[in-house]
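Let's take a walk through this structure together, beginning with the whole chain and then turning to its aromatic rings. Have a look at the picture before reading on.

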Amino acid sequence: MPIDPTIAPPGTRTSTDAGGIPADRWHADQAGETLVPTHCCFCGVQCGMYLRVNRAGKVFGVEPRNHDINRMRLCPKGINAYQQVNHPDRLTSPLIRQNRDEPFRECTWEEALDVTAEEIRRIQRTYGHDAFGMLGGASLYTEKTYLVGKFARVALRTKHVDYNGRLCMVSAAGANQLAFGIDRAGNPFSDILLSDCVLIAGSNVGECFPVMTQYVWGARDRGAKLIVVDPRETPVARTADLHVPLKPGTDAAFFNAVLHAIVRDGLTDEKYLAEHTTGWREVKAAVEHCPPSRAADICGVDIARIEQVAHWFARAERAMAWHARGVEHHSQGVENCLSIINLCVATGNLGRPGAGYGTLTGQGNGQGGREHGQKSDLLPGGRSITNPEHRHEISYLWGIPEDELPVAGTSMMEMVHQMRHGEIRGLIGVCNNPFVSLPHHHVVKQGYDALEFHVQLDFFLSETCANAHVVLPVTVWAEDEGVMANAEARVIKHNKAQEPPPGVRTDTWILCELARRLDAGDKFRFTHSRDVFEELRIASAGTVNDYYGITYERLEETGGIAWPCPTLEHPGTPRLFEDGRSYHPDGKIHLQAVTWQPPVDPYDEEFPLSLTTGRTVAHYLSGNQTRRLGALVEQTPRPWVEVHPSHGFRNGQPVRVVTRRGSAVYPALVVESIRPDTVFVPYHWPAPTAANILTIDALDPRSKIPAYKVCAARIEAATAVDEVPAPPTAPGHEAYPAAQVSRTDPLPPTAPQGRGTAERD
């Protein structure tokens, strides 16, 4: 797709182009220095960067890369990401102990793997194959996510495998599958530049996806209207033409009312609906019961704002909607996403340049991480584990009897409850930190404490690792190669920049060695990521999630290819639905009627407020990586509670946040940019300052995503803030000093939202 030369930089020719090159080419400024082209390890934007490698072969710096995703831009996390590669907190030897009352001791790889294999055998011999579970991660390269799914089902022969993307994108995934028969965004980022109206719902783009802001501002420069739907006036909301500060947990009511106004005023695209959809009659009947007047009461916003959103979006020649966790982290997350899909489809805004629908993935491989088998109900290629034909195809590829392929398992949070109840007795965790990231922390700790054996793979000693029996040190992203799929479903390649430290192994090597010890080594003869990727290409061939036409060489040449890509000659599919057809067998978009339901945690006199949680610009997910980087800790050393001035607190005053599950004390950040009936706490820190001490473990019944974004709460004055603990370290290591000084600061950061009243005392 050609890009408008008036809004794209010189040298950028297509939506998959790697970007323009400076006239004098790239060059190093130190003798013996090498620049390795790769991508950031953090969010789903996947910005291009160069890692600087010195004469000794060590990564020591970063330079932005003129990849067309980011066009020379990096956010604070991207600028500092390289510092984790040779960080003094890196794990460089396996750790082991017999029980959690003992300290860890270093051991050999042979001992760690032998003990792990023997414990797997013991537990499965005693309780059955499904008594051992596995949890993967959506920051792993796609090759490794494929291995997680295959290892669990072939080597462990267990149904219990899931991943931490269950906490991120699964509501959007469920809605996409229901409506479109395919699970990915419909448009590339570059289409935002061509839109006349951009709607962003539940996404703090300026802090969570900072580099994506260039596309939003590029559309604004062309005159596009920007609508932001969010309880908080986030940085991107502050720049919007219209900000809708709805009450948390009311998204479906709001978008139903917007569609009600569009139907009432005759602004639907009836020709498009008639030719390309099913279910419109039912959707139309459902929104009839949610007029703007009713939604205004439910959402706590003016009727005029609902009407304005309807008219701007429906009357735009080209409109786009993007959403993220603020819409998805709810017990009605799938319905929230479907209500936005209904809005786009009803107005004919799908499959055109500047017109479409997209979901913003939080983790670096949040898209690719759910495509090829580590999700409990899916097999490689997005196949359903309950589909007999799909089961036959994968059993044949893996060389196992079809009746030995396990059935669907349960979700990540459900697995924690199964640990508590003794249904799961052992666990392998890869690239996740549930002690910080899962809701209702006390229940999570009970579940993990009940495990008879727990092994965790990571490159830093996370809070979850610190509770394990065995910890296996693995490579960081710069010490291996592999692919990820960003929020556009563009598959990009990460390159290896340095050798791992002595004593560190790749996840691939570890899983293959364990498979050999579990008598499944003949199914895991992989030496490098490339070997795994070649099997993954074959496994995905002919599926909706088709990677067969993607090779490492093509990715290097093009800067990325959007799947599906069925042949080596195929250019990839950056934009879906251009012919109006979905990926359902009948080619129709299956619209789904949505009825709003209130949040499951009820408000009352004791708990009258809404607590919502989210990310900050300086940190990433559980903070296991970013809470160790000095510049990021200095920028945001601790969590806080964001409160409206009407509550009468002063900035920095200790405030206790209480829910039905627990309480924590934070310094107040007093701002006018949040609803008076809502408080906000960022979630990157562990107990006792963990936001997830407070959150509810209610799940969406379809996607099984936790309802992080709303629970009932109250706030009260306290005497002292809870102390932020230092990140765990291996035996013989001390906490990295550069990341500790500002951690003890008892005050919140200055107001990041612009209209706040807060100042540092």
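In this predicted model, 66% of the 761 residues of the chain count as buried. How does the radius of gyration fit with that of a compact globule? A compact globule with 761 residues would have a value near 27 Å, and the chain has 25 Å, which agrees. If you follow the C-alpha trace along its principal axes, it spans about 70 × 65 × 60 Å. The accessible surface comes to about 25100 Å², and carbon and sulfur atoms contribute 50% of that.

The chain has 22 helices and 28 strands. Among the contacts with a separation of 6 or more, 74% are between residues 24 or more positions apart.

Now to the rings. A search of the whole structure turns up 14 aromatic pairs. One of them joins Tyr-146 and Trp-398: the ring centres are 6.3 Å apart and the planes meet at 75 degrees, over the 60 needed, so this pair is edge-to-face. Tyr-146 belongs to helix H3 (residues 142-155) and Trp-398 to helix H15 (residues 388-398), so the pair links parts of the chain that are 252 residues apart. Are these two residues buried or exposed? Tyr-146 has 0% relative accessibility and counts as buried; Trp-398, at 3%, counts as buried too.

Elsewhere, Phe-180, Tyr-357, Phe-577 and Tyr-583 come together in one aromatic cluster. Charged residues also sit over rings: you can find Lys-247 over the face of Tyr-603, 4.4 Å from the ring centre, and Arg-505 over the face of Trp-509, at 5.2 Å from the ring centre.

Methods:
Residues are numbered from 1 along each chain as its sequence is written. This is a predicted model: local features need pLDDT of at least 70, side-chain atom pairs count only at pLDDT 80 or more; totals for chains, interfaces and linings use all residues. Side-chain values use heavy atoms; hydrogens and water are left out. Rings of Phe, Tyr and Trp (its six-membered ring) pair if their centres lie within 6.5 Å; planes under 30 degrees apart count as stacked, over 60 as edge-to-face and the rest as tilted. Helices (H or I, at least four residues) and strands (E, at least two) are DSSP runs, numbered from the N terminus. Buried means under 20% relative accessible area, exposed over 50%, partly exposed in between (1.4 Å probe, protein chains only). A charge sits over a ring if NZ of Lys or CZ of Arg is within 6 Å of the ring centre and within 35 degrees of the ring normal. The radius of gyration is taken over C-alpha atoms; the globule rule is 2.2 Å times the number of residues to the power 0.38. Contact means heavy atoms within 4.5 Å. Accessible areas come from the Shrake-Rupley method with a 1.4 Å probe; for residues, only the protein chains shown count as cover.
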